[in-house]
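Reader: I am new to this structure. Could you walk me through it, step by step?

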Amino acid sequence: MPETHIRAKQLRVLLADDHATVRHGLKLLIDGEADMSVVAEAGDGEAAVRQALELKPDVIVMDISMPGMNGLAATRALKKARPDVVIVTLTRHSDEAYLQELLRAGVSGYVLKRSAPTELLQAIRAVAAGGQYLDSTMTARLTAGFSEQGGCSGRSASRLT
């Protein structure tokens, strides 16, 4: 019987960031993984939307701060056109207001640019598998804030019972 090689499906990733050097570094990082590859790059939100609708990547890694259409507007446009699109926000913004707004817009992952590169790779894999991913720094802060508030409010807790 002839030997067959089963090759795992590679995750197809679209990068959207206005900094060419950042995109280049991300491309090297992602293309260095056996299970993923960069299929396109975009320097602004409009190009990201156009390429995402045309190429249908498995995951879009999107910066927030881009000229013209920013990452939040691009996320909203993509989710409206293709609700099943999977987006990981990669940003320098650690403000919880950004996180909340992007989660409302439909992102599946949120990673800080200052985090270890492995954090982004974990996020891409998690969201591609249908999960959600929140940068470990943000998780720790949110959990600490939740604990400081004494857990669930009475109104929220009553919904859980």
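The questions below go from the whole chain to single residues.

Author: Welcome! This is a predicted model, in which local features need pLDDT of at least 70 and side-chain atom pairs count only at pLDDT 80 or more, while totals for chains, interfaces and linings use all residues. Residues are numbered from 1 along each chain as its sequence is written, and side-chain values use heavy atoms, with hydrogens and water left out.

Reader: How many helices and strands does the secondary structure of the chain come to?

Author: Helices (H or I, at least four residues) and strands (E, at least two) are DSSP runs, numbered from the N terminus. From that end on, the elements run β-α-β-α-β-α-β-α-β-α-β-α-α. The total is seven helices and six strands.

Reader: In what order do the strands form the sheet, and which of them stand at the edges?

Author: Two strands pair if DSSP finds at least two bridges between them. The six strands form an open sheet with parallel pairing, in the order β2-β1-β3-β4-β5-β6. Two strands each have a single partner strand, so one side of each is left without a neighbour in the sheet: the edge strands are β2 and β6 (133–134).

Reader: What is the bridge partner of I60 in β4?

Author: Strand β3 is joined to β1 (residues 11–16) by four bridges, and there L14 has I60 as its bridge partner in β3. Three bridges join β3 to β4, and these strands run parallel. In β4, the partner of I60 is I87.

Reader: Within what arc do the buried residues of α3 fall?

Author: Buried means under 20% relative accessible area, exposed over 50%, and partly exposed in between (1.4 Å probe, protein chains only). In α3 (residues 71–81), the buried residues are G71, L72, A74, T75, L78 and K79. Seen down the axis of α3, using the directions from the helix axis to the C-beta atoms, these residues line one face of the helix because they fall within an arc of 160°.

Reader: Which elements do the buried residues of α3 pack against, and which residue caps its N-terminal end?

Author: Contact here means heavy atoms within 4.5 Å. The buried residues of α3 pack against α2 (45–55), β3 (59–62), β4 (87–91) and α4 (96–105). At the N-terminal end, a side-chain oxygen lies 3.0 Å from the backbone nitrogen of L72, and the capping residue is N70.

Reader: What is the relative accessible area of S37?

Author: S37 lies in strand β2 (residues 36–42). Leaving aside neighbours within four places in sequence, S37 is in contact with Q10, L11, R12, V13, I30 and D31. S37 is buried, with a relative accessible area of 18%.

Reader: What distance separates the C-alpha atoms of K56 and V85?

Author: K56 lies in the loop between α2 and β3. Not counting residues up to four places away in sequence, K56 touches R12, Q51 and R82. K56 and V85 are 29 residues apart along the chain, and their C-alpha atoms are separated by 8.0 Å.

Notes: A polar contact is a pair of N or O atoms within 3.5 Å; within protein, one must be able to donate a hydrogen and the other to accept it, and residues adjacent in sequence count only if both atoms are side-chain atoms.
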